[in-house]
Amino acid sequence: MPAKQAKPEFSESQVSEMLQRLYQLTSSEIRSLPSYDDQNFYVAAVEGGEYVFKIMNSEDSKNPAIIEVQTYAMSFLCQNGLPAQTALPTVSGQEISLEEMDCGFGLQKYLVRLLTYLPGVTISKVPLLPNLLYETGKMAATMDTVLQKMEHPNIGILQREGFIWSLSNVPLLEAYIGPLDGDPLQELVKSIIHHYKTSVEPKRPHFRTCINHGDFNDLNVLVQANENGDYKISGILDFGDMNYGYYIHELAITIMYMMTEHPDPVQVGGPVLAGWESVIPLNEVEKECLYLLVMSRFCQSLVLARYSVTLHPENAEYLMITSRKGVDILKKLWKLGKEEVEKVWFQGAAQFSHTK
């Protein structure tokens, strides 16, 4: 987790200067966009075109090799027909520039990129009808199958041992649950971590490996309405959590975040699962572990959001977006139990698949 002083705090005038110096672009509009650890800006240029200017936090900026792989992955997906952003080169031909700036904590270095702007709104802002959930599951699975074909000299860096957001590292949450002291949620989180250790970790050898986007959430998926009024996915954002993982991890992450935007969260699993399995059918062990992996992702989101608020209280509103809804959903899923939730998901997926 990046330390408090790692998050960049560039002003719009500083961004304007970098755009001119690095890209020879004059901005007609600059506005801040939400970000968890980094800083993002929407940019409209006098010369024409819309962009997203992304400034990485100073901790992640110490590892440019992984940013290069993430940037390459975005381009690779775009080349294969998926709606990902691509990075524009600077005047010197580089896709990434290292900038030194004092944001109030002394001179630090920050990696910056200018990315293409994708049309649409976040999927969090539209009704999550079954067909759109199906397309979301299908897109997540398609993305992972394409990423699995990717080659890059530094691809091994995606192993990311000890990466706190990886669903392979759920037990690491135990070091971050201090802010939950006195909150009944802490006991629930501890129970889920225990079940993860006893019921998921021993079965991991049967999961199929892949490269995960790792954060296919309701704010990282863009949609656009077509002429019929149906929404189609128009963008996949934020590859900062990419890691070597497992197909089942990506599915669990997708289901969890879509649940936070639905009036009846348990019903989300069926159509997302149907869309996923239209590309990658699950094996029996993966099916057996899906419920606990979804629960574990809720725990990651809730625990790390609470922890991050202690570092960045000024960013609490954004950090707690998922957390506020997530607590109630987590409790509901736990109360329903694995068998009941799986019944809803797998029967729902089977019924939905028959209509396709």
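Good morning. I shall begin with the second largest pocket, which has a volume of about 230 Å³. The structure under discussion is a predicted model.

Which residues lie nearest the centre of this pocket? They are Leu 129, Asn 131, Leu 132, Asp 230 and Tyr 231, and they belong to a lining of 11 residues. Two elements, α3 and β10, each give two or more residues to that lining. Helix α3 supplies the largest share, namely three residues. Sorted by class, the lining comprises four nonpolar, three polar and four charged residues.

The two elements just named also meet in the packing of the model. Helix α3, residues 130-147, lies across β9 and β10, and its direction makes an angle of about 35 degrees with β10.

That brings me to the sheet itself. Strands of a sheet pair through backbone hydrogen bonds, in either a parallel or an antiparallel sense. Here, three strands form an open sheet in the order β7-β9-β10, and the pairing is antiparallel.

I turn finally to the aromatic side chains. A pair of aromatic rings is described by the distance between the centres and the angle between the planes. The model contains six aromatic pairs by the rule applied. One of them joins Tyr 72 and Phe 76, with 6.2 Å from centre to centre and 25 degrees between the planes. This pair counts as stacked because its planes are under 30 degrees apart. Why are Tyr 72 and Phe 76 separated by about one helical turn? Both belong to helix α2, residues 64-79, and they are four residues apart, so about one turn of the helix separates them.

Thank you for your attention.

Conventions. Residues are numbered from 1 along each chain as its sequence is written. This is a predicted model: local features need pLDDT of at least 70, side-chain atom pairs count only at pLDDT 80 or more; totals for chains, interfaces and linings use all residues. Side-chain values use heavy atoms; hydrogens and water are left out. Two strands pair if DSSP finds at least two bridges between them. Contact means heavy atoms within 4.5 Å. Axes are lines fitted to C-alpha atoms, for helices over the stretch in contact, and angles run from 0 to 180 degrees between N-to-C directions. On a 1 Å grid over the protein atoms alone, a cavity is a set of points where a 1.4 Å probe fits but cannot get out, and a pocket is an open set with protein on both sides within 12 Å along at least five of seven lines; lining residues have an atom within 4 Å of a point. Grid points are joined across faces, edges and corners, and a volume is the space filled by probe spheres set on the points. Ala, Val, Leu, Ile, Met, Phe, Trp, Tyr, Cys and Pro count as nonpolar, Asp, Glu, Lys and Arg as charged, and the others, Gly among them, as polar. Rings of Phe, Tyr and Trp (its six-membered ring) pair if their centres lie within 6.5 Å; planes under 30 degrees apart count as stacked, over 60 as edge-to-face and the rest as tilted.
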